[in-house]
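Visitor: I would like to learn how to read a structure that is new to me, one feature at a time. Could you guide me through a few of them?

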Amino acid sequence: MDNNQMIAELQQLINPEHIFIDEYLKKHTYTKLGGKADFFVTPSNIEEVQEVIRFANKTNIPFTLLGNGSNVIVRDGGIRGIVLSLKRFLNVRREGNKVIAESGARIIDASRFALQESLTGLEFSCGIPGTVGGALYMNAGAYGGEVKDCLESALVVDSKGDILRVAAEDLNLEYRTSNIAKKGYIVIEATFALQIGKHEEIKAIMDDLTYKRESKQPLEYPSCGSVFKRPPGYFAGKLIQDSDLQGKGIGGAEVSTKHAGFIVNKNQATATDYISVIEMVQKTVKYKFNVNLEREVRILGEDEGVTDKKS
């Protein structure tokens, strides 16, 4: 199937204004890195999501889900096939003591809505920039809390395009991981079971966590946030700091001088620069402390000029 046929068929499935050809993904990632997507689509309802998945299956076109790009690096060669974004799925609502948030909403916004409703349990997430869908994907956490602490269930579309309601315990939520990718699920919305709290107390906790984040993290530069998982018995940032890596970089990417666990796009870095700094940090920490740093951030797509390499 050629591109014109692809476009014509996709336009039958979703609003043509929500289909973008050769879209630079650096426009959609927090690192401001990433080459082009062949087709970048932004469906506006669950039926369109189902149709796009079934179309990709029918035509054997590669298919990639991208959240708000806060915890991914897209290679300079971009991503082949269809990249699907749920950026239009932004609704957050209350049902009893539950907050139900669509996957394209930021988890920060879900926590702020919970504050507005005087519901406690999501305070930990008030500084996490990722989407609700991304937060479930990696069981996001901060300051002693994580998604698995309050998630009740998720509404998902599976790899066949069918809608399922999945209980939190069936998502295998562990430290910065889940079975969502393995199962081929696309999260549509999440239900968080919270408790009635006092607005002033919830706000005080969120204000304190926001201050800690803003004072300690290099938010003035594009980055993917915390790059590495916490190794057992250690802290990744401390290992990197003790390896004298802060301020060291390759090209336009650099280990943050403000927080060693962050790598920042300081001067028009490429994805290759950024990934090279990650690898430099891993090798140095392994050499100095014999500790393997495992990436928390995902790397997607192809190197520039490569047509058959997949992440």
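This is a predicted model: local features need pLDDT of at least 70, side-chain atom pairs count only at pLDDT 80 or more; totals for chains, interfaces and linings use all residues.

Visitor: At what angle do helix 1 and helix 2 pack, and how far apart are their axes?

Guide: Helix 1, residues 3-13, and helix 2, residues 46-59, pack at an angle of about 150°, and their axes lie 9 Å apart. Because angles over 145 degrees count as roughly antiparallel, helix 1 is roughly antiparallel to helix 2. The crossing of helix 1 past helix 2 is right-handed.

Visitor: Which residues make the contact between helix 1 and helix 2?

Guide: From helix 1 come Met6, Glu9, Leu10 and Leu13, and from helix 2 come Glu48, Glu51, Phe55 and Lys58. Sorted by class, this contact of helix 1 with helix 2 has four nonpolar and four charged residues, with no polar ones.

Visitor: How do the axes of helix 3 and helix 6 cross?

Guide: The axes of helix 3, residues 107-116, and helix 6, residues 199-216, come within 9 Å and cross at roughly 150°, which means that helix 3 is roughly antiparallel to helix 6. On the helix 3 side Ser111, Arg112 and Leu115 take part, and they meet His199, Ile202, Lys203 and Met206 of helix 6. By class, the contact of helix 3 with helix 6 has three nonpolar, two polar and two charged residues.

Visitor: How much space lies in the second largest pocket, and which residues are closest to its centre?

Guide: Rolling a probe the size of a water molecule over the atoms shows where empty space is left. Here the second largest pocket holds about 210 Å³ of space. It is lined by 13 residues, of which Lys26, Gly34, Asp76, Ala269 and Thr270 are the closest to its centre. The lining of the second largest pocket has four nonpolar, five polar and four charged residues by class.

Key: Residues are numbered from 1 along each chain as its sequence is written. Side-chain values use heavy atoms; hydrogens and water are left out. Axes are lines fitted to C-alpha atoms, for helices over the stretch in contact, and angles run from 0 to 180 degrees between N-to-C directions. Helices (H or I, at least four residues) and strands (E, at least two) are DSSP runs, numbered from the N terminus. Angles under 35 degrees count as roughly parallel, over 145 as roughly antiparallel, 65 to 115 as roughly perpendicular and the rest as oblique. Contact means heavy atoms within 4.5 Å. Ala, Val, Leu, Ile, Met, Phe, Trp, Tyr, Cys and Pro count as nonpolar, Asp, Glu, Lys and Arg as charged, and the others, Gly among them, as polar. A crossing is left-handed if the near helix is turned anticlockwise from the far one by less than a right angle, and right-handed if clockwise. On a 1 Å grid over the protein atoms alone, a cavity is a set of points where a 1.4 Å probe fits but cannot get out, and a pocket is an open set with protein on both sides within 12 Å along at least five of seven lines; lining residues have an atom within 4 Å of a point. Grid points are joined across faces, edges and corners, and a volume is the space filled by probe spheres set on the points.
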